Amino acid sequence: MAYQKIVVVGPGGRLGAPLVQALLQSQGNHFEVTALVRSTSNYTVPPSLDSNRIRVLKEDFTDHSALVAALSGHDAVVLAIPFGLDLLSASQAVINAAIEAGIKRVIPSEFESDESPLTQPLYGNKQAVRELVKEAANEGKITYTLIRNGIWFDVGFQIALGFDAANKSVTLYDEGDRKFHTTTVPSVCRAIVSILANPTNFVNTVVHIHDFFVTQQDILAVVERVTESKFTVTNVDMEVLGKTSLEALMRGEFTFPNLAGVIKASIWGKESAARNIVVVGAGGKLGAPLFQTLLQSNEPKFTVTALIRSSSSYTLPEGVDQNRAKLAKVDFDDQPGLVNVLRGQDAIVFAFGAGPDLIPTSKTLIDAAIEAGVKRVIPSEFGNDEIPLTEPLFGNKQVVQKILQEAASQGKITYTLIRNGPWFDLGFTLALGFDIQARTATLYDNGDRKFHTTTVPSICRAITSLLADSSQSVNKVVHIHDFFITQLDVLKVTEEIMGSKFAITKVDTNEMAKSAMEGLSRGEFIPQNIFGAIRASVWGEKSAARWDENDDSAALGLGDADLAKEISKIAVLSK
């Protein structure tokens with residue numbers, strides 16, 4: 001059921017005003033809106049709005065009891081507070097009061113691009129707000145949704161995007177050929193309305209939206225066609241702009257040109273694409289195809305280094321471009337040696353398994369990457385979301401996450417975590433339960449629960465897309481999939497392809513989970529218990545591989561997989 005009673009903080013601003021209007025005009029949702037403003041505000045309800053469905057509350061934001069009383073009885077709070085010096089104090093006051101008042105959902109003042117080390121001096125206040133809501137959510141006190149929409153297309157057309165229509169001029173950042181996400185204010189409002197209308201979706205997560213994924217050159221072509229005139233073009237070197245603006249900010253010179261310079265450099269700067277990539281585990285089931293996929297990319301062209309232990313017998317695949325494919329052998333206990341190999345690299349991908357050495361190996365590589373100045377780490381995730389059932393198996397991954405999160409919070413490095421559900425192709429028999437040769441299928445419960453699943457080639461494509469536009473995935477968990485299906489869906493297509501019925505065995509996921517957890521708690525880390533816990537975590541009632549279908553897949557170029565074709569490939573290989 002949709003949230004009904006909504007509080008908007010900042011109802012007179014560039015986002016708040018149209019948001020109030022969008023809520024009141026929403027079709028099929030009878031929202032009641034409270035405009036919460038400071039006691040000193042002169043805000044009044046615009047005459048065009050339905051005064052029966054909106055009221056104004058003026059409160060002293062330093063009076064906690066008054067704020068709690070004002071927020072009591074409401075369902076959700078949207079903070080549309082403009083970026084400024086008091087954003088942190090105002091947000092903290094409202095969120096703390098919202099928790100005590102029993103508010104169900106808060107949408108903080110984000111509404112920008114992803115985090116970047118370049119903008120950390122600007123947005124430390126937003127990070128503090130995020131930490132506040134995440135801590136409260138972890139304790140079950142409230143839920144939150146963070147919205148990232150890139151540059152505001154309409155409001156920022158001149159000041160951010162660089163277009164001056166009145167003077168027929170445009171400022172292109174470098175050559176203006178780097179793609180970026182941008183959203184209009186009405187679309188941001190529509191997204192907020194949709195989230196409030198569907199409260200079971202987007203719980204405690206970051207939502208990415210956009211109207212356009214374009215370059216400045218794309219916009220310029222349309223603008224010149226619409227205005228029937230040529231624009232005067234000025235090019236700005238983004239590396240110089242970012243460096244000088246950041247240096248000024250570090251001196252305490254928080255002027256508008258410096259603020260704008262850092263923000264623009266974070267969006268259109270060269271660091272958006274990671275060109276020099278290190279793959280650790282390049283001979284593995286994910287690492288080998290990933291290495292080839294990266295080398296096959298032409299835009300951008302990656303230089304890819306396979307980093308292996310000095311004792312490894314791995315060699316580069318035959319026929320690869322020796323100018324772009326590199327091999328580095330080093331003793332992982334040799335920190336200076338690792339640092340030397342990683343200098344000049346943009347990103348490092350861990351494509352090794354989650355075995356007992358995951359934590360020490362990952363930490364060694366992360367420490368070396370930080371010292372070497374590597375910008376991005378993609379750790380060995382490539383699985384499901386975290387739930388208590390699999391904590392005995394994947395607690396080591398959580399430790400690696402915390403190492404990265406702590407380093408990222410200090411501005412030392414950035415990371416991206418990738419969640420893709422069960423591997424469809426490699427896990428077709430072992431995880432999904434289908435044995436093509438034996439014509440058997442194991443269905444968990446009734447096989448009718450939907451789950452996300454991804455093929456290895458698609459995981460490789462997603463990683464390649466993330467590295468090609470690394471500015472869009474800073475310190476973020478990315479969810480991808482090829483298919484959002486049930487085991488019954490897979491069974492039907494598989495039987496059609498094979499031309500025969502499969503013998504069915506059904507397994508109770510509750511019993512499987514109970515048996516697996518009891519065994520793991522006794523230290524019995526045998527395949528039966530390991531895979532029992534994993535399968536129960538995917539196909540049980542509370543699934544770790546079932547998230548919002550509108551995840552990050554489309555933005556990363558996925559969505560064209562064909563279920564019948566993928567099963568046919570598996571059938572050919574199984575002969």
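Select Ser109 and display its surroundings. Leaving out residues up to four places away in sequence, Ser109 touches Leu79, Ala80, Ile81, Leu87 and Lys126. Keep in mind that this is a predicted model. Ser109 lies in the loop between β5 (105–107) and α4 (120–138). Is Ser109 buried or exposed? The relative accessible area of Ser109 is 7%. The cut-off for buried is under 20%, so Ser109 counts as buried.

The line spans 30 Å. In sequence, Ser109 and Lys397 are 288 residues apart.

**Zoom out: the whole chain**

The chain holds 17 helices and 25 strands. A box around the C-alpha atoms, taken along the principal axes, is roughly 75 × 55 × 50 Å. How does the radius of gyration agree with that of a compact globule? For 575 residues, a compact globule would have a radius of gyration near 25 Å; the chain has 26 Å, so the value agrees.

Colour by burial next. Of the 575 residues, 53% are buried. Switch to a surface. The chain exposes about 25,800 Å², and carbon and sulfur atoms supply 51% of that area. Then colour the charged side chains. There are 54 positive and 65 negative side chains. The centres of these two sets lie 2 Å apart.

Contacts across the sequence are worth a look too. Take the contacts between residues at least 6 apart in sequence: 77% of them join residues at least 24 apart.

**Strands β1 and β2**

Select residues 5–9 and 32–38. These are strands β1 and β2, which pair in the parallel sense over five bridges. Pick Val9 and look across to β2: its bridge partner there is Leu36. Stay on β2 and check burial. Five of the seven residues of β2 are buried, so the strand is largely enclosed by the rest of the structure.

**The sheet β8-β9-β13**

Move on to an open sheet of three strands, in the order β8-β9-β13, with mixed pairing. Which strands stand at the edges? Select 163–164 for β8 and 232–236 for β13: each has a single partner strand, so one side of each is left without a neighbour in the sheet.

Now select β9, residues 169–173. Strand β9 and β13 pair in the parallel sense over five bridges. Within this pair, Leu172 stands opposite Asn235 in β13.

**Two residues with positive phi**

Step to Asp174, in the loop between β9 and β10 (180–183). Its phi is near 55°, a positive value in a residue other than glycine. Most residues other than glycine have a negative phi. At 11% relative accessibility, Asp174 counts as buried.

Jump to Phe382 for another case. Its phi is near 55°, again positive in a residue other than glycine. Phe382 lies in the loop between β18 (376–378) and α12 (391–409). Its relative accessible area is 7%, so Phe382 is buried.

Select residues 276–280, strand β14. Four of its five residues are buried, leaving the strand mostly covered.

**Ile366 in helix α11**

Select residues 358–372 for helix α11 and pick out Ile366 within it. Ile366 has a relative accessible area of 0% and is buried. Which residues does Ile366 touch, not counting those up to four places away in sequence? The contacts are Phe350, Val400, Ile403 and Leu404.

**Last stop: Thr455**

Select Thr455. Its place is the loop between β22 (451–453) and α13 (456–468). Thr455 is buried, at a relative accessible area of 3%. Leaving aside neighbours within four places in sequence, Thr455 is in contact with Phe424, Asp425, Asp482 and Glu566. Show these side chains together with Thr455 to finish the tour.

Conventions. Residues numbered from 1 in each chain as written. Predicted model: local features only at pLDDT ≥ 70, side-chain atom pairs only at ≥ 80, totals over all residues. Heavy atoms only, no water. Pairing = 2+ DSSP bridges. Rg over C-alpha atoms; globule rule 2.2 N^0.38 Å. Buried < 20%, exposed > 50% of the residue type's maximum accessible area, 1.4 Å probe, protein only. Contact = heavy atoms within 4.5 Å. Areas by Shrake-Rupley, 256 points an atom, 1.4 Å probe, with all protein chains shown as cover. Lys, Arg positive; Asp, Glu negative; His and termini not counted. Charge placed at Lys NZ, Arg CZ, Asp CG, Glu CD.
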